[in-house]
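Trainee: I would like to go through this model and ask what stands behind each label. Where do we begin?

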Amino acid sequence: MTAPLTETGVLGPMGELLVAPLIGFGFGWFLERGGLGCAPKLAGQFYFTDLTVFKVMFSALVTAMLGAFWLDRIGFLDLRLVYLPETFVLPQAVGGALFGAGFLVGGLCPGTSCVAAATGRLDGVGVIVGMLLGVFLFNAVFTFVGDFYASTPLGAVTLTDLIGVSRGIGVAIVTLAAIAGFVLASRIERVRP
């Protein structure tokens with residue numbers, strides 16, 4: 001017996017193209033309702049004055065992780081068919097640092113900048129323009145950074161592969177880390193004025 005959500009999915013071969021925009025619009029709506037299209041609110045996480053972004057994004061991550069894990073366990077989803085991108089340690093570390101710097105300077109990440117722009121905020125439009133300029137710049141200099149881009153490959157690995165534990169143990173560790181993070185975030189926010 002194969003899982004219902006296999007290569008063609010329950011909605012057929014084009015189903016994901018129909019569902020993805022609905023999920024994206026829904027996620028954007030919830031981000032806006034949570035105030036995450038507002039740059040000062042997002043910047044507050046870097047100053048430990050408002051950790052809403054941390055809590056919302058970690059909640060989304062844990063929800064998706066638990067959903068995928070349990071859907072796989074009951075046979076409804078086959079995680080072996082889910083694409084796992086390759087890991088390149090140094091280029092992704094540099095990219096993460098650049099992403100974080102852009103997030104701190106702009107006050108918005110890619111998703112929240114789209115939310116901000118959709119609600120008419122010019123800072124969101126500015127961050128989107130900055131991201132697009134970064135994409136064009138990266139493509140323009142790719143011939144010079146291509147070797148670095150492909151350096152330090154680990155292949156398609158997961159955190160559980162790297163630390164040598166089962167997927168279930170990894171899920172439990174991340175879930176416990178999230179709970180601890182939520183408790184710590186709440187305490188930090190209570191201490192800060």
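Mentor: With phenylalanine 103, which touches Leu42, Gln45, Phe46, Leu108 and Cys109, not counting residues up to four places away in sequence. Keep in mind that this is a predicted model.

Trainee: What makes the set around Leu31, Leu36 and Phe103 a nonpolar core?

Mentor: A nonpolar core consists of buried residues of kinds such as Ala, Val, Leu, Phe and Cys, joined through side-chain atoms within 4.5 Å. The largest one here has 11 residues in all: Leu31, Leu36, Ala39, Leu42, Val53, Phe103, Leu108, Cys109, Val115, Ala116 and Val127. Helix 2 (39-43) and helix 5 (110-118) are the elements that give two or more residues to this core. Another core, of seven residues, lies apart from it, and Phe58, Val62, Val171 and Val174 are among its members.

Trainee: Why is threonine 52 called buried?

Mentor: Buried means under 20% relative accessible area. Threonine 52 has 19%, so the residue counts as buried. Its place is in helix 3. Leaving aside neighbours within four places in sequence, threonine 52 is in contact with Gly34, Leu36, Lys41 and Glu189.

Trainee: What makes the link between the side chains of threonine 52 and aspartate 50 a polar contact?

Mentor: The cut-off is a pair of N or O atoms within 3.5 Å, one able to donate a hydrogen and the other to accept it. The two side chains are joined at 2.5 Å, and the pair is listed as a polar contact.

Trainee: How do you know that aspartate 50 and lysine 41 form a salt bridge?

Mentor: A side-chain nitrogen of Lys or Arg has to be within 4 Å of a carboxyl oxygen of Asp or Glu. For aspartate 50 and lysine 41 the N to O distance is 3.0 Å, so by that cut-off the pair is a salt bridge. Aspartate 50 is buried at 17% relative accessibility. Lysine 41 has 24% and therefore counts as partly exposed.

Trainee: How many salt bridges are there in the whole structure?

Mentor: A search finds five. One of them joins the side chains of lysine 55 and glutamate 189, with 2.7 Å from N to O. This pair links distant parts of the chain, 134 residues apart: lysine 55 is in helix 3 (residues 52-73) and glutamate 189 in helix 8 (residues 167-191).

Trainee: Why are lysine 55 and glutamate 189 called partly exposed?

Mentor: That label covers values between the buried limit of 20% and the exposed limit of 50%. Lysine 55 has a relative accessible area of 23%, and glutamate 189 has 22%, so both carry the label.

Trainee: What labels do the partners of the salt bridge between arginine 80 and aspartate 78 carry?

Mentor: Their N to O distance is 2.9 Å. Exposed means over 50%, and arginine 80 is at 74%, so arginine 80 counts as exposed. Aspartate 78 has 14% and is therefore buried.

Trainee: What is known about the largest pocket?

Mentor: About 680 Å³ of space lies in it. Of its 21 lining residues, Val94, Gly95, Leu98, Phe99 and Phe138 are the closest to its centre. Helix 4 (89-106) and helix 6 (122-149) each supply at least two residues of the lining.

Trainee: And which secondary structure elements does the chain have?

Mentor: Eight helices and two strands. Of the 193 residues, 24% count as buried.

Technical notes. Residues are numbered from 1 along each chain as its sequence is written. This is a predicted model: local features need pLDDT of at least 70, side-chain atom pairs count only at pLDDT 80 or more; totals for chains, interfaces and linings use all residues. Side-chain values use heavy atoms; hydrogens and water are left out. Buried means under 20% relative accessible area, exposed over 50%, partly exposed in between (1.4 Å probe, protein chains only). Helices (H or I, at least four residues) and strands (E, at least two) are DSSP runs, numbered from the N terminus. Contact means heavy atoms within 4.5 Å. On a 1 Å grid over the protein atoms alone, a cavity is a set of points where a 1.4 Å probe fits but cannot get out, and a pocket is an open set with protein on both sides within 12 Å along at least five of seven lines; lining residues have an atom within 4 Å of a point. Grid points are joined across faces, edges and corners, and a volume is the space filled by probe spheres set on the points.
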